[in-house]
Amino acid sequence: MRRFFNILKRGVIEGSNLFVNEASLTFINILTTLVIALSLWGLVFTFYFSNSLKAYLQNRLDFSIYFKNNVSKDEIEKIQKIISSFPGVKKVTLITQEMAFEKLQKESQVNPVIERALRELKTNPLVDYLVVEAENSEVYLKISDYLLKSPFNSKIDYLSYFENKKIIERAISFSNTLKILMLGIIVLVCIFSVLIIFNTIYISLYSLKEEIEILQLLGASNWFIRLPFLFYVFCFTLVGYVAFLGLFIIFLEKTKNFWSLIISNFSPYFFVLDNFFLLNFSIFGFIILLNLISAFLVLQKYFKI
Amino acid sequence: MIVFKNVTKIFSGYLKAIDNISFEIKSGEFVILIGKSGAGKTTVLKLINKEIDPTKGEIYYKNLKITYLSPGKKRELRRKIVTIFQDFKLLNKKTVYENLSLPLEISGKSKKEIEREVLKVAERFNLKEKLDQLAETLSGGEKQKVVLARGILYNPEVILADEPTGNLDPINSLEIIDALKRLNSEGITIVLATHNREIVNQLKTRVITLENGRIIKDENPGSYTLV
(Lines give C-alpha, C1' and ligand atoms only; values in the text may rest on other atoms or scores of the structure.)
Protein backbone atom coordinates (compact mmCIF):
# COMPACT_ATOMS: atom_id res chain seq x y z
CA MET A 1 0.00 0.00 0.00
CA ARG A 2 2.83 2.37 0.94
CA ARG A 3 4.58 1.48 -2.31
CA PHE A 4 1.38 2.32 -4.23
CA PHE A 5 1.10 5.74 -2.54
CA ASN A 6 4.76 6.53 -3.19
CA ILE A 7 4.31 5.72 -6.89
CA LEU A 8 1.07 7.73 -6.98
CA LYS A 9 2.82 10.67 -5.32
CA ARG A 10 5.64 10.48 -7.83
CA GLY A 11 3.06 10.44 -10.67
CA VAL A 12 1.42 13.59 -9.31
CA ILE A 13 4.75 15.42 -8.97
CA GLU A 14 6.03 14.38 -12.41
CA GLY A 15 2.64 15.18 -13.98
CA SER A 16 2.73 18.68 -12.47
CA ASN A 17 6.29 19.16 -13.74
CA LEU A 18 5.13 18.14 -17.21
CA PHE A 19 2.32 20.70 -16.98
CA VAL A 20 4.81 23.49 -16.26
CA ASN A 21 7.73 22.35 -18.41
CA GLU A 22 5.66 21.68 -21.55
CA ALA A 23 4.03 25.12 -21.33
CA SER A 24 3.23 25.62 -25.04
CA LEU A 25 1.67 22.18 -25.42
CA THR A 26 -0.18 22.65 -22.16
CA PHE A 27 -1.60 25.90 -23.52
CA ILE A 28 -2.84 24.17 -26.71
CA ASN A 29 -4.36 21.36 -24.65
CA ILE A 30 -6.12 23.90 -22.42
CA LEU A 31 -7.49 25.71 -25.47
CA THR A 32 -8.76 22.46 -26.97
CA THR A 33 -10.44 21.55 -23.69
CA LEU A 34 -12.06 24.98 -23.76
CA VAL A 35 -13.41 24.34 -27.28
CA ILE A 36 -14.80 20.94 -26.29
CA ALA A 37 -16.44 22.46 -23.21
CA LEU A 38 -17.92 25.21 -25.37
CA SER A 39 -19.30 22.66 -27.85
CA LEU A 40 -20.85 20.52 -25.16
CA TRP A 41 -22.42 23.47 -23.40
CA GLY A 42 -23.59 24.64 -26.83
CA LEU A 43 -25.30 21.29 -27.27
CA VAL A 44 -26.96 21.51 -23.86
CA PHE A 45 -28.19 25.04 -24.62
CA THR A 46 -29.48 24.12 -28.07
CA PHE A 47 -31.64 21.45 -26.48
CA TYR A 48 -32.70 23.78 -23.70
CA PHE A 49 -33.47 26.58 -26.19
CA SER A 50 -35.36 24.22 -28.46
CA ASN A 51 -37.46 22.87 -25.59
CA SER A 52 -38.13 26.37 -24.27
CA LEU A 53 -39.16 27.52 -27.73
CA LYS A 54 -41.49 24.56 -28.12
CA ALA A 55 -43.08 25.16 -24.71
CA TYR A 56 -43.34 28.88 -25.40
CA LEU A 57 -45.02 28.33 -28.75
CA GLN A 58 -47.39 25.74 -27.36
CA ASN A 59 -48.39 28.18 -24.66
CA ARG A 60 -48.95 30.84 -27.29
CA LEU A 61 -51.15 28.52 -29.28
CA ASP A 62 -54.43 30.12 -28.33
CA PHE A 63 -57.61 28.42 -29.30
CA SER A 64 -60.55 30.73 -29.79
CA ILE A 65 -64.01 29.84 -31.04
CA TYR A 66 -65.67 32.74 -32.86
CA PHE A 67 -69.47 32.65 -33.13
CA LYS A 68 -71.75 34.02 -35.78
CA ASN A 69 -73.65 37.23 -34.97
CA ASN A 70 -77.02 35.53 -34.54
CA VAL A 71 -75.90 33.08 -31.83
CA SER A 72 -77.42 33.80 -28.42
CA LYS A 73 -75.48 34.13 -25.18
CA ASP A 74 -77.32 31.07 -23.76
CA GLU A 75 -76.18 28.89 -26.60
CA ILE A 76 -72.61 30.10 -26.22
CA GLU A 77 -72.68 29.38 -22.48
CA LYS A 78 -74.00 25.88 -23.23
CA ILE A 79 -71.05 25.26 -25.55
CA GLN A 80 -68.70 26.76 -22.94
CA LYS A 81 -69.95 24.17 -20.40
CA ILE A 82 -69.53 21.26 -22.79
CA ILE A 83 -65.96 22.31 -23.70
CA SER A 84 -65.04 22.87 -20.04
CA SER A 85 -65.91 19.24 -19.35
CA PHE A 86 -63.30 18.01 -21.89
CA PRO A 87 -60.34 16.25 -20.24
CA GLY A 88 -57.21 18.44 -20.32
CA VAL A 89 -59.10 21.72 -20.54
CA LYS A 90 -57.86 24.20 -17.96
CA LYS A 91 -60.15 27.18 -18.55
CA VAL A 92 -62.76 28.40 -21.00
CA THR A 93 -63.39 32.17 -20.95
CA LEU A 94 -66.24 33.89 -22.69
CA ILE A 95 -65.32 37.18 -24.32
CA THR A 96 -68.44 39.03 -25.28
CA GLN A 97 -68.78 41.40 -28.24
CA GLU A 98 -68.60 44.36 -25.85
CA MET A 99 -65.57 43.10 -23.96
CA ALA A 100 -63.77 42.44 -27.23
CA PHE A 101 -64.55 45.96 -28.48
CA GLU A 102 -63.36 47.52 -25.24
CA LYS A 103 -60.13 45.52 -25.44
CA LEU A 104 -59.58 46.60 -29.02
CA GLN A 105 -60.17 50.23 -28.11
CA LYS A 106 -57.59 50.01 -25.35
CA GLU A 107 -55.04 48.38 -27.63
CA SER A 108 -55.66 50.84 -30.46
CA GLN A 109 -54.88 53.89 -28.33
CA VAL A 110 -51.30 53.67 -29.43
CA ASN A 111 -52.32 53.39 -33.10
CA PRO A 112 -54.08 56.56 -34.32
CA VAL A 113 -55.24 54.94 -37.59
CA ILE A 114 -57.16 52.15 -35.84
CA GLU A 115 -58.44 54.60 -33.26
CA ARG A 116 -59.86 56.85 -36.01
CA ALA A 117 -61.41 53.85 -37.82
CA LEU A 118 -63.08 52.64 -34.63
CA ARG A 119 -64.50 56.14 -33.96
CA GLU A 120 -65.99 56.27 -37.46
CA LEU A 121 -67.72 52.90 -37.04
CA LYS A 122 -71.32 53.19 -35.88
CA THR A 123 -71.69 49.56 -34.79
CA ASN A 124 -69.52 47.03 -32.97
CA PRO A 125 -67.98 44.86 -35.73
CA LEU A 126 -66.69 42.22 -33.33
CA VAL A 127 -68.35 38.95 -32.30
CA ASP A 128 -68.62 36.86 -29.12
CA TYR A 129 -65.95 34.22 -28.70
CA LEU A 130 -64.64 31.63 -26.29
CA VAL A 131 -60.96 31.44 -25.35
CA VAL A 132 -59.91 27.89 -24.46
CA GLU A 133 -56.80 27.10 -22.43
CA ALA A 134 -55.73 23.46 -22.38
CA GLU A 135 -52.78 21.43 -21.17
CA ASN A 136 -51.52 20.71 -24.66
CA SER A 137 -52.30 21.27 -28.32
CA GLU A 138 -53.78 17.77 -28.77
CA VAL A 139 -56.75 18.82 -26.62
CA TYR A 140 -57.44 21.69 -29.05
CA LEU A 141 -57.48 19.24 -31.90
CA LYS A 142 -60.03 17.04 -30.08
CA ILE A 143 -62.27 20.05 -29.31
CA SER A 144 -62.16 21.30 -32.89
CA ASP A 145 -62.95 17.80 -34.19
CA TYR A 146 -65.91 17.61 -31.84
CA LEU A 147 -67.21 21.06 -32.75
CA LEU A 148 -66.92 20.53 -36.50
CA LYS A 149 -68.92 17.30 -36.29
CA SER A 150 -71.49 18.55 -33.73
CA PRO A 151 -74.74 20.47 -34.41
CA PHE A 152 -72.92 23.58 -33.13
CA ASN A 153 -70.92 23.70 -36.34
CA SER A 154 -73.52 25.94 -38.00
CA LYS A 155 -73.19 28.50 -35.18
CA ILE A 156 -69.42 28.82 -35.42
CA ASP A 157 -67.90 31.48 -37.60
CA TYR A 158 -64.31 30.13 -37.39
CA LEU A 159 -61.73 28.48 -35.15
CA SER A 160 -58.44 30.32 -34.62
CA TYR A 161 -56.51 27.12 -33.90
CA PHE A 162 -55.99 26.11 -37.51
CA GLU A 163 -54.60 29.53 -38.47
CA ASN A 164 -51.90 29.45 -35.74
CA LYS A 165 -51.21 25.74 -35.94
CA LYS A 166 -49.31 25.86 -39.23
CA ILE A 167 -47.03 28.69 -38.12
CA ILE A 168 -46.32 27.02 -34.80
CA GLU A 169 -45.70 23.64 -36.39
CA ARG A 170 -43.22 25.28 -38.73
CA ALA A 171 -41.45 26.92 -35.79
CA ILE A 172 -41.30 23.61 -33.89
CA SER A 173 -39.94 21.85 -36.96
CA PHE A 174 -37.33 24.64 -37.23
CA SER A 175 -36.30 24.10 -33.61
CA ASN A 176 -36.00 20.34 -34.23
CA THR A 177 -33.87 20.96 -37.32
CA LEU A 178 -31.73 23.32 -35.25
CA LYS A 179 -31.25 20.57 -32.67
CA ILE A 180 -30.08 18.07 -35.32
CA LEU A 181 -27.83 20.67 -36.97
CA MET A 182 -26.21 21.60 -33.66
CA LEU A 183 -25.76 17.94 -32.78
CA GLY A 184 -23.97 17.41 -36.10
CA ILE A 185 -21.72 20.45 -35.58
CA ILE A 186 -20.89 19.36 -32.05
CA VAL A 187 -20.05 15.82 -33.13
CA LEU A 188 -17.64 17.30 -35.72
CA VAL A 189 -16.11 19.68 -33.16
CA CYS A 190 -15.65 16.76 -30.75
CA ILE A 191 -13.95 14.65 -33.44
CA PHE A 192 -11.58 17.51 -34.30
CA SER A 193 -10.91 18.16 -30.64
CA VAL A 194 -10.07 14.51 -30.01
CA LEU A 195 -7.68 14.59 -32.97
CA ILE A 196 -6.02 17.75 -31.65
CA ILE A 197 -5.79 16.38 -28.10
CA PHE A 198 -4.51 13.06 -29.47
CA ASN A 199 -1.78 14.80 -31.47
CA THR A 200 -0.71 17.28 -28.79
CA ILE A 201 -0.49 14.45 -26.28
CA TYR A 202 1.51 12.50 -28.86
CA ILE A 203 3.89 15.46 -29.30
CA SER A 204 4.21 15.84 -25.50
CA LEU A 205 5.02 12.16 -25.20
CA TYR A 206 7.35 12.18 -28.17
CA SER A 207 9.49 14.82 -26.51
CA LEU A 208 9.77 12.41 -23.57
CA LYS A 209 10.38 9.33 -25.73
CA GLU A 210 13.90 8.85 -24.41
CA GLU A 211 12.75 9.14 -20.82
CA ILE A 212 10.04 6.56 -21.43
CA GLU A 213 12.54 4.18 -23.04
CA ILE A 214 14.95 4.59 -20.11
CA LEU A 215 12.15 3.93 -17.62
CA GLN A 216 11.22 0.79 -19.55
CA LEU A 217 14.85 -0.36 -19.51
CA LEU A 218 14.99 0.22 -15.78
CA GLY A 219 12.03 -2.10 -15.36
CA ALA A 220 9.36 0.51 -14.57
CA SER A 221 5.81 -0.81 -14.70
CA ASN A 222 3.38 0.52 -17.30
CA TRP A 223 1.39 2.31 -14.62
CA PHE A 224 4.54 3.93 -13.26
CA ILE A 225 5.15 5.41 -16.73
CA ARG A 226 1.50 6.21 -17.44
CA LEU A 227 0.63 7.95 -14.18
CA PRO A 228 2.44 11.28 -14.78
CA PHE A 229 0.83 11.59 -18.24
CA LEU A 230 -2.59 10.78 -16.93
CA PHE A 231 -2.17 13.31 -14.15
CA TYR A 232 -0.94 15.83 -16.73
CA VAL A 233 -4.12 15.21 -18.77
CA PHE A 234 -6.20 15.65 -15.63
CA CYS A 235 -4.39 18.94 -14.84
CA PHE A 236 -4.86 20.61 -18.22
CA THR A 237 -8.45 19.39 -18.49
CA LEU A 238 -9.25 20.81 -15.06
CA VAL A 239 -7.52 24.13 -15.77
CA GLY A 240 -9.15 24.36 -19.23
CA TYR A 241 -12.58 23.60 -17.83
CA VAL A 242 -12.28 25.99 -14.89
CA ALA A 243 -11.10 28.73 -17.29
CA PHE A 244 -14.08 28.03 -19.52
CA LEU A 245 -16.47 28.02 -16.59
CA GLY A 246 -15.16 31.39 -15.39
CA LEU A 247 -15.70 32.99 -18.80
CA PHE A 248 -19.02 31.24 -19.20
CA ILE A 249 -20.37 32.46 -15.86
CA ILE A 250 -19.34 36.05 -16.72
CA PHE A 251 -21.13 35.70 -20.08
CA LEU A 252 -24.29 34.34 -18.42
CA GLU A 253 -24.24 37.07 -15.80
CA LYS A 254 -23.88 39.81 -18.43
CA THR A 255 -26.64 38.41 -20.65
CA LYS A 256 -28.95 37.43 -17.79
CA ASN A 257 -31.76 39.81 -18.85
CA PHE A 258 -31.21 39.63 -22.59
CA TRP A 259 -32.41 36.07 -23.29
CA SER A 260 -35.84 36.48 -21.72
CA LEU A 261 -36.49 39.26 -24.24
CA ILE A 262 -36.32 36.67 -27.03
CA ILE A 263 -38.38 33.97 -25.31
CA SER A 264 -39.91 34.73 -21.95
CA ASN A 265 -39.28 31.26 -20.48
CA PHE A 266 -35.68 30.97 -21.80
CA SER A 267 -33.26 31.82 -19.04
CA PRO A 268 -29.82 30.17 -19.37
CA TYR A 269 -28.56 31.82 -16.19
CA PHE A 270 -31.18 30.20 -13.99
CA PHE A 271 -31.06 26.99 -15.98
CA VAL A 272 -27.31 26.67 -15.22
CA LEU A 273 -27.84 27.71 -11.62
CA ASP A 274 -30.56 25.09 -11.10
CA ASN A 275 -28.51 22.29 -12.68
CA PHE A 276 -25.01 23.54 -11.84
CA PHE A 277 -23.54 20.41 -10.24
CA LEU A 278 -25.23 17.84 -12.45
CA LEU A 279 -24.32 19.59 -15.71
CA ASN A 280 -20.77 20.45 -14.73
CA PHE A 281 -20.14 17.02 -13.33
CA SER A 282 -21.43 15.36 -16.52
CA ILE A 283 -19.66 17.68 -18.98
CA PHE A 284 -16.36 17.76 -17.09
CA GLY A 285 -16.57 13.98 -16.66
CA PHE A 286 -17.16 13.52 -20.37
CA ILE A 287 -14.22 15.76 -21.35
CA ILE A 288 -11.82 14.15 -18.90
CA LEU A 289 -12.84 10.73 -20.16
CA LEU A 290 -12.30 11.86 -23.75
CA ASN A 291 -8.83 13.25 -22.94
CA LEU A 292 -7.79 10.25 -20.87
CA ILE A 293 -8.86 7.86 -23.61
CA SER A 294 -6.79 9.90 -26.12
CA ALA A 295 -3.74 9.73 -23.82
CA PHE A 296 -4.25 6.02 -23.27
CA LEU A 297 -4.49 5.36 -27.01
CA VAL A 298 -1.31 7.37 -27.69
CA LEU A 299 0.59 5.51 -24.97
CA GLN A 300 -0.60 2.16 -26.25
CA LYS A 301 -0.22 2.85 -29.96
CA TYR A 302 3.17 4.56 -29.98
CA PHE A 303 4.88 3.39 -26.81
CA LYS A 304 3.24 0.00 -26.27
CA ILE A 305 2.53 0.88 -22.64
CA MET B 1 23.29 -18.80 -14.09
CA ILE B 2 22.75 -17.68 -17.71
CA VAL B 3 22.45 -20.41 -20.31
CA PHE B 4 22.09 -20.02 -24.09
CA LYS B 5 21.07 -23.19 -25.97
CA ASN B 6 21.33 -23.04 -29.77
CA VAL B 7 20.11 -19.46 -29.86
CA THR B 8 19.55 -17.75 -33.21
CA LYS B 9 18.30 -14.23 -33.75
CA ILE B 10 17.22 -13.10 -37.19
CA PHE B 11 16.17 -9.48 -37.73
CA SER B 12 13.66 -8.46 -40.43
CA GLY B 13 13.39 -12.06 -41.61
CA TYR B 14 16.85 -12.24 -43.21
CA LEU B 15 19.49 -10.48 -41.10
CA LYS B 16 21.14 -13.17 -38.95
CA ALA B 17 22.64 -11.35 -35.94
CA ILE B 18 23.21 -14.48 -33.82
CA ASP B 19 23.67 -17.89 -35.38
CA ASN B 20 23.03 -20.95 -33.26
CA ILE B 21 25.16 -20.08 -30.22
CA SER B 22 25.37 -21.92 -26.93
CA PHE B 23 27.23 -20.97 -23.76
CA GLU B 24 26.85 -20.85 -20.01
CA ILE B 25 27.80 -18.04 -17.63
CA LYS B 26 28.18 -19.08 -14.01
CA SER B 27 27.18 -16.99 -11.01
CA GLY B 28 29.90 -14.51 -10.03
CA GLU B 29 31.76 -14.79 -13.33
CA PHE B 30 33.28 -11.85 -15.20
CA VAL B 31 32.78 -12.55 -18.89
CA ILE B 32 33.93 -10.42 -21.78
CA LEU B 33 32.13 -10.62 -25.11
CA ILE B 34 34.52 -9.44 -27.76
CA GLY B 35 34.15 -8.99 -31.48
CA LYS B 36 34.04 -6.42 -34.25
CA SER B 37 31.05 -4.14 -34.77
CA GLY B 38 28.12 -6.22 -35.98
CA ALA B 39 29.56 -9.43 -34.51
CA GLY B 40 26.46 -9.83 -32.32
CA LYS B 41 27.70 -8.68 -28.88
CA THR B 42 24.87 -6.20 -28.26
CA THR B 43 22.31 -8.70 -29.55
CA VAL B 44 23.50 -11.23 -26.94
CA LEU B 45 23.09 -8.63 -24.18
CA LYS B 46 19.65 -7.63 -25.47
CA LEU B 47 18.62 -11.29 -25.48
CA ILE B 48 19.73 -11.63 -21.86
CA ASN B 49 17.89 -8.55 -20.58
CA LYS B 50 14.85 -9.43 -22.75
CA GLU B 51 14.87 -6.32 -24.89
CA ILE B 52 14.44 -8.79 -27.76
CA ASP B 53 13.31 -12.40 -28.08
CA PRO B 54 15.29 -15.07 -29.92
CA THR B 55 14.11 -16.48 -33.25
CA LYS B 56 15.22 -19.99 -32.28
CA GLY B 57 16.74 -21.67 -29.26
CA GLU B 58 16.32 -21.38 -25.52
CA ILE B 59 17.61 -19.02 -22.84
CA TYR B 60 17.72 -19.80 -19.11
CA TYR B 61 18.34 -17.60 -16.12
CA LYS B 62 18.92 -19.39 -12.83
CA ASN B 63 17.37 -22.55 -14.31
CA LEU B 64 14.25 -20.65 -15.34
CA LYS B 65 13.40 -20.55 -19.00
CA ILE B 66 13.31 -16.89 -20.03
CA THR B 67 13.14 -17.38 -23.81
CA TYR B 68 9.80 -15.59 -23.97
CA LEU B 69 8.51 -13.56 -21.04
CA SER B 70 5.42 -11.49 -20.33
CA PRO B 71 6.01 -7.71 -19.97
CA GLY B 72 5.58 -8.01 -16.19
CA LYS B 73 8.19 -10.78 -15.91
CA LYS B 74 10.56 -8.78 -18.16
CA ARG B 75 10.27 -5.85 -15.75
CA GLU B 76 11.05 -8.11 -12.80
CA LEU B 77 14.05 -9.52 -14.63
CA ARG B 78 15.39 -6.05 -15.42
CA ARG B 79 15.64 -5.31 -11.73
CA LYS B 80 17.93 -8.33 -11.32
CA ILE B 81 19.83 -7.92 -14.57
CA VAL B 82 20.74 -4.27 -15.12
CA THR B 83 22.33 -2.91 -18.26
CA ILE B 84 24.79 -0.06 -18.67
CA PHE B 85 25.18 1.43 -22.12
CA GLN B 86 27.82 3.23 -24.12
CA ASP B 87 25.37 6.12 -24.60
CA PHE B 88 24.65 6.15 -20.83
CA LYS B 89 20.82 6.33 -21.06
CA LEU B 90 20.62 9.07 -18.45
CA LEU B 91 17.89 11.68 -18.17
CA ASN B 92 20.00 14.63 -19.22
CA LYS B 93 17.59 17.32 -18.08
CA LYS B 94 17.46 15.87 -14.58
CA THR B 95 20.02 16.12 -11.81
CA VAL B 96 22.31 13.29 -10.77
CA TYR B 97 20.18 12.91 -7.64
CA GLU B 98 16.99 12.55 -9.72
CA ASN B 99 18.66 10.04 -12.02
CA LEU B 100 19.85 7.97 -9.08
CA SER B 101 16.40 8.17 -7.52
CA LEU B 102 14.70 6.51 -10.49
CA PRO B 103 15.22 2.82 -9.62
CA LEU B 104 14.13 3.55 -6.06
CA GLU B 105 11.06 5.46 -7.23
CA ILE B 106 10.20 2.53 -9.51
CA SER B 107 10.49 0.26 -6.45
CA GLY B 108 8.04 2.55 -4.65
CA LYS B 109 10.46 3.71 -1.95
CA SER B 110 9.63 6.71 0.23
CA LYS B 111 11.40 10.08 -0.05
CA LYS B 112 13.46 9.40 3.07
CA GLU B 113 14.52 5.94 1.92
CA ILE B 114 15.45 7.34 -1.48
CA GLU B 115 17.55 10.08 0.09
CA ARG B 116 19.37 7.65 2.35
CA GLU B 117 20.17 5.15 -0.41
CA VAL B 118 21.12 7.76 -3.00
CA LEU B 119 23.57 9.40 -0.58
CA LYS B 120 25.06 6.02 0.22
CA VAL B 121 25.63 5.08 -3.41
CA ALA B 122 26.83 8.59 -4.34
CA GLU B 123 29.46 8.34 -1.64
CA ARG B 124 30.58 4.97 -2.91
CA PHE B 125 31.07 6.27 -6.46
CA ASN B 126 32.48 9.69 -5.44
CA LEU B 127 29.41 11.47 -6.81
CA LYS B 128 28.32 13.31 -3.67
CA GLU B 129 29.53 16.67 -4.97
CA LYS B 130 27.71 16.17 -8.25
CA LEU B 131 24.27 15.31 -6.92
CA ASP B 132 22.70 18.68 -7.76
CA GLN B 133 24.30 18.91 -11.19
CA LEU B 134 22.30 18.21 -14.33
CA ALA B 135 23.34 14.94 -15.95
CA GLU B 136 24.08 16.72 -19.23
CA THR B 137 26.81 18.79 -17.56
CA LEU B 138 28.82 15.73 -16.45
CA SER B 139 31.86 14.32 -18.22
CA GLY B 140 31.62 10.94 -19.95
CA GLY B 141 33.35 9.16 -17.09
CA GLU B 142 31.10 10.76 -14.50
CA LYS B 143 28.02 9.86 -16.52
CA GLN B 144 29.09 6.24 -16.70
CA LYS B 145 29.68 6.25 -12.93
CA VAL B 146 26.14 7.57 -12.44
CA VAL B 147 24.81 4.80 -14.68
CA LEU B 148 26.70 2.18 -12.65
CA ALA B 149 25.54 3.71 -9.38
CA ARG B 150 21.95 3.76 -10.66
CA GLY B 151 22.28 0.12 -11.69
CA ILE B 152 23.46 -1.16 -8.34
CA LEU B 153 20.61 0.55 -6.49
CA TYR B 154 18.50 -2.43 -7.55
CA ASN B 155 21.00 -4.78 -5.84
CA PRO B 156 21.34 -6.61 -9.14
CA GLU B 157 22.59 -10.16 -9.61
CA VAL B 158 23.97 -9.43 -13.09
CA ILE B 159 25.36 -6.31 -14.76
CA LEU B 160 25.42 -6.24 -18.55
CA ALA B 161 27.83 -3.59 -19.77
CA ASP B 162 27.53 -2.71 -23.45
CA GLU B 163 30.72 -0.91 -24.53
CA PRO B 164 30.74 1.11 -21.29
CA THR B 165 34.11 2.64 -22.13
CA GLY B 166 33.32 3.38 -25.77
CA ASN B 167 32.94 7.12 -25.21
CA LEU B 168 35.58 7.48 -22.51
CA ASP B 169 39.24 8.46 -22.38
CA PRO B 170 41.75 5.83 -21.07
CA ILE B 171 41.77 7.17 -17.50
CA ASN B 172 37.99 7.18 -17.20
CA SER B 173 37.83 3.79 -18.93
CA LEU B 174 40.16 2.40 -16.30
CA GLU B 175 38.02 3.81 -13.51
CA ILE B 176 34.88 2.15 -14.91
CA ILE B 177 36.63 -1.18 -15.40
CA ASP B 178 37.93 -0.97 -11.83
CA ALA B 179 34.40 -0.25 -10.61
CA LEU B 180 33.10 -3.28 -12.51
CA LYS B 181 35.90 -5.43 -11.02
CA ARG B 182 34.94 -4.24 -7.55
CA LEU B 183 31.27 -5.07 -8.15
CA ASN B 184 32.27 -8.50 -9.45
CA SER B 185 34.34 -9.09 -6.33
CA GLU B 186 31.14 -8.43 -4.35
CA GLY B 187 29.51 -11.35 -6.16
CA ILE B 188 27.76 -9.63 -9.03
CA THR B 189 28.04 -11.43 -12.36
CA ILE B 190 29.41 -9.11 -15.05
CA VAL B 191 28.99 -9.52 -18.80
CA LEU B 192 31.01 -6.91 -20.62
CA ALA B 193 30.71 -6.38 -24.35
CA THR B 194 33.65 -4.56 -25.89
CA HIS B 195 35.89 -4.41 -28.92
CA ASN B 196 38.73 -2.93 -26.91
CA ARG B 197 41.63 -5.44 -26.83
CA GLU B 198 43.44 -3.45 -24.11
CA ILE B 199 40.61 -4.07 -21.65
CA VAL B 200 40.65 -7.76 -22.48
CA ASN B 201 44.39 -7.96 -21.91
CA GLN B 202 44.16 -6.03 -18.69
CA LEU B 203 41.34 -8.10 -17.19
CA LYS B 204 42.63 -11.55 -18.07
CA THR B 205 39.26 -13.18 -17.56
CA ARG B 206 36.93 -15.42 -19.59
CA VAL B 207 36.56 -14.10 -23.11
CA ILE B 208 33.91 -15.17 -25.61
CA THR B 209 34.84 -14.07 -29.10
CA LEU B 210 32.03 -13.51 -31.57
CA GLU B 211 32.28 -13.21 -35.33
CA ASN B 212 29.33 -12.88 -37.69
CA GLY B 213 26.96 -13.99 -34.94
CA ARG B 214 28.92 -17.13 -34.05
CA ILE B 215 31.16 -17.99 -31.12
CA ILE B 216 34.57 -18.62 -32.53
CA LYS B 217 36.48 -18.78 -29.24
CA ASP B 218 35.55 -19.20 -25.58
CA GLU B 219 38.69 -19.10 -23.44
CA ASN B 220 39.46 -18.54 -19.76
CA PRO B 221 43.10 -17.64 -19.06
CA GLY B 222 42.36 -17.78 -15.35
CA SER B 223 44.88 -15.06 -14.50
CA TYR B 224 42.15 -12.90 -13.04
CA THR B 225 40.92 -14.18 -9.74
CA LEU B 226 37.25 -14.92 -10.04
CA VAL B 227 34.99 -14.98 -7.06
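The model is predicted.

Start with the make-up of each chain. Now look at burial. Chain A has 305 residues, and 23% of them count as buried. Chain B has 227 residues, and buried residues make up 43% of them.

Take the contacts in chain A between residues at least 6 apart in sequence: 84% of them join residues at least 24 apart. In chain B, take the contacts with a separation of 6 or more. Residues 24 or more positions apart account for 71% of those.

Strands of a sheet pair through backbone hydrogen bonds, either parallel or antiparallel. Here 6 strands form an open sheet, and the pairing is mixed. Follow the order across the sheet: β6-β7-β8-β3-β9-β10. Which strands lie at the edges? They are β6 (81-85) and β10 (214-219) of chain B, and each pairs on one side only. On average, neighbouring strands of this sheet are turned by 15 degrees against each other, direction ignored.

Strand β3 of chain B deserves a stop. This strand covers residues 30-34. In the sheet order, β3 stands between β8 and β9. Take the β8 side. Strand β8 spans residues 189-194 of chain B, and 5 bridges join it to β3. The two strands run parallel. Two partner pairs show how they line up. B:Leu33 has B:Ala193 as its bridge partner in β8(B). B:Ile32 has B:Leu192. Now take the β9 side. Strand β9 spans residues 206-211 of chain B, and 4 bridges join it to β3(B). These strands run parallel too. B:Val31 has B:Arg206 as its bridge partner in β9(B).

Is β3(B) buried or exposed? It is mostly covered: 5 of its 5 residues are buried. Both of its faces are covered. On one side sit B:Phe30, B:Ile32 and B:Ile34. On the other sit B:Val31 and B:Leu33.

Move over to chain A and a pair of helices. Helix α9 runs over residues 222-254, and helix α12 over residues 276-303. Their axes come within 10 Å and cross at roughly 145 degrees. The crossing of α9(A) with α12(A) is right-handed. From α9(A), the residues that meet α12(A) include A:Phe229, A:Leu230 and A:Val233. From α12(A), the residues that meet α9(A) include A:Ile287, A:Ile288 and A:Leu292. By class, this helix contact has 11 nonpolar, 2 polar and 1 charged residues.

Finally, see where the two chains touch. The contact takes 13 residues from chain B and 14 residues from chain A. On the side of chain B, two elements give two or more residues: α2 (71-80) and α3 (96-106). Helix α3(B) gives the most, with 4 residues. The residues on this side of chain B divide into 4 nonpolar, 3 polar and 6 charged.

Terms used
Residues are numbered from 1 along each chain as its sequence is written. Chains are lettered from A and ligands numbered from 1 in the order in which they are written. This is a predicted model: local features need pLDDT of at least 70, side-chain atom pairs count only at pLDDT 80 or more; totals for chains, interfaces and linings use all residues. A residue is buried if 20 or more other C-beta atoms lie within 10 Å of its own, exposed if 12 or fewer, and partly exposed in between; C-beta atoms are placed from the backbone. Two residues are in contact if their C-beta atoms, placed from the backbone, lie within 7 Å. Two strands pair if DSSP finds at least two bridges between them. Axes are lines fitted to C-alpha atoms, for helices over the stretch in contact, and angles run from 0 to 180 degrees between N-to-C directions. A crossing is left-handed if the near helix is turned anticlockwise from the far one by less than a right angle, and right-handed if clockwise. Ala, Val, Leu, Ile, Met, Phe, Trp, Tyr, Cys and Pro count as nonpolar, Asp, Glu, Lys and Arg as charged, and the others, Gly among them, as polar.
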